[in-house]
Amino acid sequence: MKLNKQEMVLLYALLRKHEKELEKEIYTLKYRLEKELFNFLTIEEIQALDNKAI
């Protein structure tokens with residue numbers, strides 16, 4: 001995706017304005033994904049994911 005300068009400025013302003021709300025949404029999404037994903041992964045696979053995230 002390629003944005004022009006005005007689009008980048010508007011997107012940045014929007015993200016800054018809603019930063020706190022987005023943090024909550026991202027945390028919620030991460031939690032839900034972990035809950036679903038961890039039902040299918042082994043302990044070793046989960047540890048490997050954790051090591052990649054660091």
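**Patch, pocket and salt bridges**

Visitor: Hello! What relative accessible area does Glu-34 have?

Guide: Welcome! Please keep in mind that this is a predicted model. Buried would mean under 20% and exposed over 50%. Glu-34 falls in the partly exposed class, because its relative accessible area is 27%.

Visitor: Which residue forms a salt bridge with Glu-34?

Guide: Happy to show you. The closest N and O atoms of this salt bridge are 2.9 Å apart, and the cut-off is 4 Å.

Visitor: How far apart along helix 2 are Lys-30 and Glu-34, in helical turns?

Guide: Helix 2 spans 19-37. Lys-30 and Glu-34 are four residues apart in this helix, so their separation is about one helical turn.

Visitor: How many salt bridges are there in the model?

Guide: Glu-19 counts as partly exposed, at 38% relative accessibility. By this rule the count is two.

Visitor: Let's turn to the largest pocket. Which helix gives the largest share of its lining?

Guide: The lining consists of Leu-29, Lys-30, Leu-33, Glu-34, Leu-37, Phe-38, Ile-46, Leu-49 and Asp-50. At least two residues come from each of helix 2 and helix 3 (43-53). The largest share, five residues, comes from helix 2.

Visitor: And how much space lies in the largest pocket?

Guide: Its lining has six nonpolar and three charged residues, with no polar ones. The space in this pocket comes to about 190 Å³.

Visitor: What accessible area do the residues of the nonpolar surface patch have together?

Guide: Good one to ask! The patch is formed by Leu-11, Leu-14, Leu-15, Leu-22 and Ile-26. Helix 1 (5-17) and helix 2 each give two or more residues to the patch, and the largest share, three residues, comes from helix 1. Together, the patch residues have an accessible area of about 430 Å².

Visitor: One last thing: what is the relative accessible area of Leu-15?

Guide: Leu-15 lies in helix 1 and belongs to the nonpolar patch. Patch residues need over 30% relative accessible area. Leu-15 is partly exposed, and its relative accessible area is 41%.

Methods. Residues are numbered from 1 along each chain as its sequence is written. This is a predicted model: local features need pLDDT of at least 70, side-chain atom pairs count only at pLDDT 80 or more; totals for chains, interfaces and linings use all residues. Side-chain values use heavy atoms; hydrogens and water are left out. Patches are made of residues with over 30% relative accessible area and no salt bridge: like charges are joined within 9 Å, nonpolar side chains (Val, Leu, Ile, Met, Phe, Trp, Tyr) within 5 Å. Accessible areas come from the Shrake-Rupley method with a 1.4 Å probe; for residues, only the protein chains shown count as cover. A salt bridge is a side-chain nitrogen of Lys or Arg within 4 Å of a carboxyl oxygen of Asp or Glu. Buried means under 20% relative accessible area, exposed over 50%, partly exposed in between (1.4 Å probe, protein chains only). On a 1 Å grid over the protein atoms alone, a cavity is a set of points where a 1.4 Å probe fits but cannot get out, and a pocket is an open set with protein on both sides within 12 Å along at least five of seven lines; lining residues have an atom within 4 Å of a point. Grid points are joined across faces, edges and corners, and a volume is the space filled by probe spheres set on the points. Ala, Val, Leu, Ile, Met, Phe, Trp, Tyr, Cys and Pro count as nonpolar, Asp, Glu, Lys and Arg as charged, and the others, Gly among them, as polar.
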